[in-house]
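Here is a short tour of one protein model. Look at the sequence and the fold, then read on.

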Amino acid sequence: MSDVSLVSRFDALLADLDGVVYAGPHAIPGAVDALKQLSGLGIGLGYVTNNASRSPAEVAEHLRELGAPAEDNQVVSSSQAAADLLASLLPTGSHVLITGSSALAREIELAGLVPVGSQDEEPVAVVQGFSPSIGWKDLAEASYVVSAGALWVATNTDMSIPQARGIAPGNGTLVAAVAAATGQKPKVAGKPEAPLFHSAAKRLGAERPLVVGDRLDTDILGGNNAGFATVAVLTGVDTRESILAARSAERPDYIIENLAGLHRPYPDVTHDDGTYACGQATARVANGAVGIIGSKENIDSWRAACAAWWASTPDASAPQAPKMVWMDH
């Protein structure tokens with residue numbers, strides 16, 4: 001095991017928000033301190049969010065209220081990634097139909113494009129992001145323009161968004177309505193696609209960023225798609241069990257219990273003749289089951305189990321949960 005902390009191997013941290021920095025209105029214990037330590041180490045910090053309905057400044061303000069270090073320009077949203085993507089594909093001054101919030105329109109403007117509200121203004125592209133005020137007329141307008149052959153970019157395709165009263169339809173469901181009407185598919189800027197992560201890394205001037213997230217299907221898949229190192233944190237959606245069962249494309253390079261784990265050395269996982277060792281724990285796969293010698297409570301046991309199981313199922317296109325056999329030392 002090298003003595004250096006995990007995060008010091010990288011030049012920037014690209015952090016997801018919900019489930020990593022905060023849960024609901026409250027900061028996750030220890031998260032704020034872990035983020036504050038980065039500047040002293042000279043490691044860049046960017047926040048990457050699929051939320052296209054709040055401006056980066058609003059997100060940064062919320063983070064500062066929680067005590068986290070956050071300049072407005074450290075927040076990179078899927079709206080900004082969509083604007084960057086459109087600006088790379090269209091001439092400056094091109095008209096873009098906005099199906100979404102005023103925050104989205106602002107990002108399109110900042111990228112040198114002209115936001116418009118209807119087909120009559122001759123848009124050459126449609127950008128679709130979430131806004132609670134979107135109605136049938138907005139989706140119809142987007143459909144007319146997309147059907148006529150315009151470039152179509154979605155900020156993100158999250159199918160659901162958590163609300164105080166429960167789970168509500170996310171941008172992905174609204175995008176799916178336009179896709180069903182037109183038979184077209186949009187380019188996607190946000191997670192789990194690569195543009196959002198590339199936009200964030202570029203903004204920080206980072207060459208070796210580490211992506212941290214709590215969700216395999218957005219954060220980890222997106223970081224992997226961008227070609228960056230990924231670390232799954234256990235303070236949000238995904239668990240030790242779901243990470244072990246992950247399909248190949250959603251497997252993280254590292255697993256930590258919380259953000260404090262960024263500042264600890266990360267134990268090497270070694271293997272010898274099919275036995276994988278991490279710290280004091282070992283794991284090996286036999287007859288489709290993972291045998292682990294170690295404590296279920298110790299994360300090193302799970303790191304060893306993941307290494308063994310993933311090595312035996314390198315091309316898993318769907319999640320596969322192995323049978324686990326635990327033996328204490």
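The report below covers the model, its strands, its cores, its salt bridges and a surface patch.

## About the model

This is a predicted model: local features need pLDDT of at least 70, side-chain atom pairs count only at pLDDT 80 or more, and totals for chains, interfaces and linings use all residues. Residues are numbered from 1 along each chain as its sequence is written, and side-chain values use heavy atoms, leaving out hydrogens and water.

## An enclosed strand

Start with strand 4, which spans residues 44–49. Helices (H or I, at least four residues) and strands (E, at least two) are DSSP runs, numbered from the N terminus. Five of the six residues of strand 4 are buried, so the rest of the structure largely encloses it. Buried means under 20% relative accessible area, exposed means over 50%, and partly exposed lies in between (1.4 Å probe, protein chains only).

Strand 4 has pairing partners. Two strands pair if DSSP finds at least two bridges between them. Strand 1 (residues 12–15) pairs with strand 4 in the parallel sense, over four bridges. Here A15 has Y47 of strand 4 as its bridge partner. Strand 5 (residues 75–77) also runs parallel to strand 4, joined by three bridges. In strand 5, Y47 has V75 as its bridge partner. In a regular strand, side chains alternate between the two faces of the sheet.

## Two nonpolar cores

A nonpolar core is a set of buried Ala, Val, Leu, Ile, Met, Phe, Trp, Tyr and Cys residues joined through side-chain atoms within 4.5 Å. The largest one has 57 residues. Those with the most contacts inside it include Y47, L6 and L262. Helix 10 gives the most to this core, with nine residues.

What does L6 touch? Contact means heavy atoms within 4.5 Å. Not counting residues up to four places away in sequence, L6 touches L210, V231, Y254, I256, G261, L262, R264, P265 and Y266. A second, separate core of 27 residues includes L14, I108, L196 and F197.

## Salt bridges

Side chains of opposite charge can pair when their charged atoms come close. A salt bridge is a side-chain nitrogen of Lys or Arg within 4 Å of a carboxyl oxygen of Asp or Glu. By this rule, the count is eight.

R64 and D72 form one, at 3.2 Å from N to O. R64 is partly exposed at 41% relative accessibility. D72 is partly exposed too, at 37%. E257 and R240 form another, at 3.0 Å. E257 lies in the loop between strand 15 (254–256) and strand 16 (269–272), and R240 lies in helix 9 (residues 240–244), so the pair ties together parts that are 17 residues apart in sequence.

Is the pair R303 and D300 buried or exposed? R303 is buried at 11% relative accessible area, and D300 is buried at 14%. Their salt bridge spans 2.8 Å from N to O. Both sit in helix 10 (residues 299–312), three residues apart, which is about one helical turn. Salt bridges that share partners also join D16, K191 and D219 into one network.

## A surface patch

I293, V325 and M327 form a nonpolar patch on the surface. Patches are made of residues with over 30% relative accessible area and no salt bridge: like charges are joined within 9 Å, and nonpolar side chains (Val, Leu, Ile, Met, Phe, Trp, Tyr) within 5 Å. Together the three residues have about 220 Å² of accessible area, found by the Shrake-Rupley method with a 1.4 Å probe, where for residues only the protein chains shown count as cover. I293 is found in strand 19 (residues 289–293). I293 is partly exposed, at 35% relative accessible area.
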